[in-house]
Amino acid sequence: MTHPPAFAPDSLVLNRKLPLWYQVSQSLRASVLGRPQDASARLPTEEQLAAHYGVSVLTMRQALKELEAEGLISRHRRRGTFIEPRARRVSPVRLLGSVDAIVAQQSGEATTVLGHGPTAIPGDLAEFFPGCAEVTCYRRLRRDGESDEPTNWAENAVRPDIAAQIDVADLERWPMTKVLRDVVGVRISRITDTVEARLADPVTAELLQVPLLSPILHYTGVTYDEEGRVVDVARIRYRGDRFSFSVTVEAH
């Protein structure tokens, strides 16, 4: 029997300070959720994936087990591993210090750019952009790919010199972090994350179709380049009934 070409995941630069299986699972998760509609649903074999990521088969197996537990893939003896057409409705907001984890968290939903353009730096962000008179602000709404239900909306404040290199059409295909790193070529050194519980303001309530003052998860991510400059500050409001907050702490 002739099988169709297997799904081709993105590449990954491994960080030896973080668990390899976790980095691989998050990179593969981002590839699965952000895949084109006509992409194959069949994954390469464990051995092929292990060679692709440069890890052992045992590490690859642990990464695949994580995605299987999330309901993103199904594994069938002698038939292979396949991407599930439906993903889990409630997604965890996970923080473990991997850029690929951030990309994975933001992938897999239909994105609409609500607007973009230069704006005066908001007072609460002034400390991140010293010497800049303004930033370029991008506003995006994400929806569930199946139900078309709004799940979160994001505001990104980006340095003007970096924003000049961004094609807005790319932001409807990929998360901002992926665009900055893989399209613009920003060498990201770190991203600091903060997640807190807040109440939905009028704009958030309208965009996410939730009651005013209902609970939401408010995420702030500050992205730094290798020179220590802040290149992007993302503020994302997640529907409280669609997301949970999860942190993984490794002992070693």
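**Surface, fold and side-chain contacts of the predicted chain**

The accessible surface of the protein chain comes to about 12,900 Å², and carbon and sulfur atoms account for 51% of that area. These values were computed from a predicted model. Of the 252 residues in the chain, 50% are buried. Seven helices and 10 strands make up the secondary structure.

Aromatic rings come next. The count of aromatic pairs in the model is one. This pair is formed by Trp21 and Tyr22, whose ring centres lie 5.8 Å apart. With 85° between the planes, the arrangement is edge-to-face. Tyr22 has a relative accessible area of 2%, so this residue counts as buried.

A look at the outside of the chain turns up a nonpolar patch on the surface, formed by Leu199, Leu212 and Leu213. Together, these three leucines have about 320 Å² of accessible area. One of them, Leu212, is found in the loop that runs between helix 7 (202–208) and strand 8 (215–225). Leu212 counts as exposed because its relative accessibility is 51%, and the cut-off for exposed is over 50%. Tyr22, in contrast, is buried at 2%.

Key. Residues are numbered from 1 along each chain as its sequence is written. This is a predicted model: local features need pLDDT of at least 70, side-chain atom pairs count only at pLDDT 80 or more; totals for chains, interfaces and linings use all residues. Side-chain values use heavy atoms; hydrogens and water are left out. Helices (H or I, at least four residues) and strands (E, at least two) are DSSP runs, numbered from the N terminus. Buried means under 20% relative accessible area, exposed over 50%, partly exposed in between (1.4 Å probe, protein chains only). Accessible areas come from the Shrake-Rupley method with a 1.4 Å probe; for residues, only the protein chains shown count as cover. Rings of Phe, Tyr and Trp (its six-membered ring) pair if their centres lie within 6.5 Å; planes under 30 degrees apart count as stacked, over 60 as edge-to-face and the rest as tilted. Patches are made of residues with over 30% relative accessible area and no salt bridge: like charges are joined within 9 Å, nonpolar side chains (Val, Leu, Ile, Met, Phe, Trp, Tyr) within 5 Å. A salt bridge is a side-chain nitrogen of Lys or Arg within 4 Å of a carboxyl oxygen of Asp or Glu.
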